[in-house]
Amino acid sequence: MEALVARTLSKTYQGTSGIVRALDSVEMTIAKGRLFSFLGRNGAGKTTFIKIASALLLPTAGSIQLFGIDVVEHAREIRERIAIVPQEGKPFYHLTPREHVEEYLRVRGATRETARSRADEVLEDMGLLPYQHIPAMVLSGGLQQRTLVAMVLATEAPFLFLDEPTLGMDPFARRQVWDVIRHAARKGSTVLLTTHYLDEAEQLSEELAVIEGGHVLYQGTPDALKSKVRQEIRLHFDTGFTREELAAYGEVFVERGGLTLLTTRNRAEELTRRSLERKVAINVGPVTLEEAFLTLVGRAIEEEDPEALA
Amino acid sequence: MTWRTQANAIWRICYFYGFLALRRQPLLFIAIFLTPLSFLFFLYVVAPHSVLPYGVTGGIMFTALFTGNGMMTDCAYLRLERQLQQVFVTSPLRPMSWILGMALGELAWTIPAIGLFLFVLAIVVPIGALAVVGLVGVVLLTWLLSTSLGFLLSTFFRQLREIWPIGAVVFTSLSVLPPVFYPIAAIPADYRWVAFFSPSTFASQLADHAAGLSVPTISVLPGLSSIPVEVAGMVVLTLLFAAMAMRLARWREP
Ligand SMILES: Nc1ncnc2c1ncn2[C@@H]1O[C@H](COP(=O)(O)OP(=O)(O)OP(=O)(O)O)[C@@H](O)[C@H]1O
Ligand SMILES: [Mg+2]
């Protein structure tokens, strides 16, 4: 069964400077138990989609169902099956991480024993045990974020929405959170998360969607996205080549004070020879998800507005 | 969730939002005493001592009324700044249970202050157990009315900056201008009916009745100052505010 099905889902906001088309006829299907990521630039429409799917916002047009239940018509049934980490949410000032987890679970109907044992588990898994009795107001920002994510993941709700769950976390903490998210998916929850860390999306997601300007540009596996951009090798030049020269070989970005080129294997070999002739240093590697993302979204922006990236 | 689990959820919210906060941030609840005690002190210094009991019931009513201010700022803050309302409504918890839990949490905060004022009242006028029961009843009615209004107002805010000035205007004018701290007899008889545009007048008249203080009837509309009318007025306003709040609440944004 599908966990989420959206059909021609649209949302327009009445902004101060005219109407904003945040989602434009979005078609989306997410299989049950899938670990799914949304990628997209700021303002692409990710949060808008999550709010609509979690019954926090009404769509302007189209339909959306979770587990076959209409979200617009049956918000109450939907709410029984979901939990959400809102973008830039913050915990209560005066409660400790353990209280957040236990009280939230009990408010959702868990018994004291269940709440306690799940709190034991999630606090340990998220590295919060040393801080479990410290009020959130004196915890660092990343620990507060971990507290919020812990209380939501502990629900084991059938559908978990995580809007930038690892924002502000250190690399160790992020890896711990990834493990807990994977664990939730293994236990049967469907997870929809957004992130601007492309390495995170690459590590974590079984499937992803790229959204730009309210449109879905891509839905599929991270690997398929990389092959979709048809460039598999990444070359980085500090000096020695001009942007115009490289543009003939593939997609070029200005990066780290030099130029990064995404290209095919054959062309990469040719360029490697030429750089040896010119005696310039190059750095070669496989294309990352981040680069595939930049390419895909970059092309979409260029089609829409060729000036935008110049 | 059954009604029993909803009731338990309401109690949990009251416990962790009201009682735990009371225990951990005691400085904050001293702030609750401060304003009504200052008014009382002011009355004690400048007014004849016969007015003092009205000031003490006024302190009780002021505290009960300000649960609405707390409700308004807390609900708006948790929704707009912490996004926690969203975390709680995207759950099996009913929106109504969230409101009730928060409102009970606000009430929990006022318990020490109201206890203190009741103690002071017992010192300045002879009151029996019945008066205390009556006053507690009035406090509960006022709390329901005021937190309904507070939640209603919280639904209008679109950003945090708007909260504080509006709270100050609304709840100060509800509790300082109408006859809450002073007897309604201080208003010229022909104009007393004006005071009944404020729900807090019903509340404080009831409190004065309950404490056994003398309450003049209103010459223009004699029925206004009688207990059944006051109770009915408060219940109707409470239901009105609560109904509007439920309609306007942003469980789901348009
Ligand atoms: N309440 C609102 N009123 C008007 N416009 C809005 C509102 N909320 C969002 N928007 C607009 O809708 C578009 C999509 O916003 P959304 O928050 O969904 O983006 P996002 O992909 O989550 O971005 P980010 O990565 O920055 O979180 C943006 O253009 C935004 O300005
Ligand atoms: Mg967002």
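Visitor: Is Arg118(A) buried, partly exposed or exposed?

Guide: Arg118(A) counts as partly exposed, at 21% relative accessibility. Bear in mind as we go that this is a predicted model.

Visitor: Which residue does Arg118(A) form a salt bridge with?

Guide: First the general idea: side chains of opposite charge can pair when their charged atoms come close. Here, Arg118(A) pairs with Glu156(A), the closest N and O atoms being 3.7 Å apart. The two sit in distant parts of the chain, with Arg118(A) in helix H4 (residues 112-125) of chain A and Glu156(A) in the loop between H5 and strand S7 (159-163), 38 residues apart. Glu156(A) is partly exposed too, its relative accessible area being 35%.

Visitor: How many salt bridges does the rule count over all chains?

Guide: The count comes to 23. One of them joins Glu27(A) to Arg7(A), with 3.0 Å between the closest N and O atoms. That pair links strand S2 (residues 18-31) to strand S1 (residues 2-15) of chain A. There is also a network of salt bridges linking Arg34(A), Glu206(A) and Glu207(A).

Visitor: Now the interface: what area is buried between chain A and chain B?

Guide: The size of an interface is often given as the accessible area lost when the parts come together. For chain A and chain B that is about 3300 Å², with carbon and sulfur atoms giving 58% of it. Chain A brings 38 residues to the contact and chain B 32 residues.

Visitor: Which polar features cross the interface of chain A and chain B?

Guide: The rule finds four salt bridges there, along with 15 residue pairs in polar contact. H3(A) supplies the largest share of the side of chain A that touches chain B, five residues. As for a salt bridge between the chains, Glu253(B) meets Lys51(A), with the closest N and O atoms 3.7 Å apart.

Visitor: Which residues are the protein donors of the magnesium ion (ligand 2)?

Guide: They are Thr47(A), through OG1, and Gln87(A), through OE1, at 1.9 to 2.1 Å from the ion. Thr47(A) belongs to helix H1 (residues 46-53) and Gln87(A) to the loop between strand S6 (82-85) and helix H3 (97-107) of chain A, so the pair ties together parts that are 40 residues apart in sequence.

Visitor: Finally, which residues have the most contacts inside the largest nonpolar core?

Guide: Leu4(A), Met28(A), Phe49(A) and Phe88(B) do, in a core of 136 residues. Helix H3 (residues 52-80) of chain B gives the most to this core, with 14 residues. A second, separate core has 17 residues, among them Tyr218(A) and Phe293(A).

Technical notes
Residues are numbered from 1 along each chain as its sequence is written. Chains are lettered from A and ligands numbered from 1 in the order in which they are written. This is a predicted model: local features need pLDDT of at least 70, side-chain atom pairs count only at pLDDT 80 or more; totals for chains, interfaces and linings use all residues. Side-chain values use heavy atoms; hydrogens and water are left out. A nonpolar core is a set of buried Ala, Val, Leu, Ile, Met, Phe, Trp, Tyr and Cys residues joined through side-chain atoms within 4.5 Å. Buried means under 20% relative accessible area, exposed over 50%, partly exposed in between (1.4 Å probe, protein chains only). Helices (H or I, at least four residues) and strands (E, at least two) are DSSP runs, numbered from the N terminus. Donors are N, O and S atoms within 2.8 Å of the metal (3.2 Å for Na, K and Ca); water is not among the atoms, so sites may look incomplete. Contact means heavy atoms within 4.5 Å. Buried area is the accessible area (1.4 Å probe) that two parts lose on being put together, summed over both. A salt bridge is a side-chain nitrogen of Lys or Arg within 4 Å of a carboxyl oxygen of Asp or Glu. A polar contact is a pair of N or O atoms within 3.5 Å; within protein, one must be able to donate a hydrogen and the other to accept it, and residues adjacent in sequence count only if both atoms are side-chain atoms.
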